[in-house]
Amino acid sequence: MEINEYTVKQMNDPTGILAGERFEYKLYIKFDEDDELYSEGGTGIRVIYAVNEEGAGRIATYNFFERATEKALDFELEEEEEVNILEFCKTHLE
């Protein structure tokens, strides 16, 4: 799994209910053709990254999607992949 493009934007909580800040990452991933997540139109992962008042970040939720259609895909990250994505989000926080 190789992240070859990404976007990030801060999410707004108009209710003020959620503590800290939330960021939406869209990570565009390159997979080998023999991988079950490979899609000709591309595959992405939408990650909601939460940062608490102390500055600690975590993945609140994520889902895979087909880039061409934005259709959700029912897959989960492996533990190592989740650690890598968490580190990516921390490193690329604007």
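Student: How many aromatic pairs does the count come to?

Tutor: Rings of Phe, Tyr and Trp (its six-membered ring) pair if their centres lie within 6.5 Å; planes under 30 degrees apart count as stacked, over 60 as edge-to-face and the rest as tilted. By this rule the count comes to five aromatic pairs. One of them is edge-to-face because the ring centres of Y25 and Y49 are 6.0 Å apart and the planes stand at 90 degrees. This is a predicted model: local features need pLDDT of at least 70, side-chain atom pairs count only at pLDDT 80 or more, and totals for chains, interfaces and linings use all residues. Residues are numbered from 1 along each chain as its sequence is written, and side-chain values use heavy atoms, with hydrogens and water left out.

Student: Which strands hold Y25 and Y49?

Tutor: Strands (E, at least two residues) are DSSP runs, numbered from the N terminus. Y25 lies in β2 and Y49 in β3, so the pair ties together parts 24 residues apart in sequence.

Student: Are Y25 and Y49 buried or exposed?

Tutor: Buried means under 20% relative accessible area, exposed over 50%, partly exposed in between (1.4 Å probe, protein chains only). Both Y25 and Y49 are buried. Y28 and F65 form another edge-to-face pair, 6.1 Å centre to centre with 85 degrees between the planes. Y28 is in strand β2 and F65 in strand β4, 37 residues apart; both are buried.

Student: What is the phi of E70?

Tutor: Phi of E70 is near 65 degrees, a positive value in a residue other than glycine. E70 sits in the loop between β4 (57-66) and β5 (72-73). E70 counts as partly exposed because its relative accessibility is 46%.

Note on methods. Helix = DSSP H or I, 4+ residues; strand = E, 2+ residues; numbered from the N terminus.
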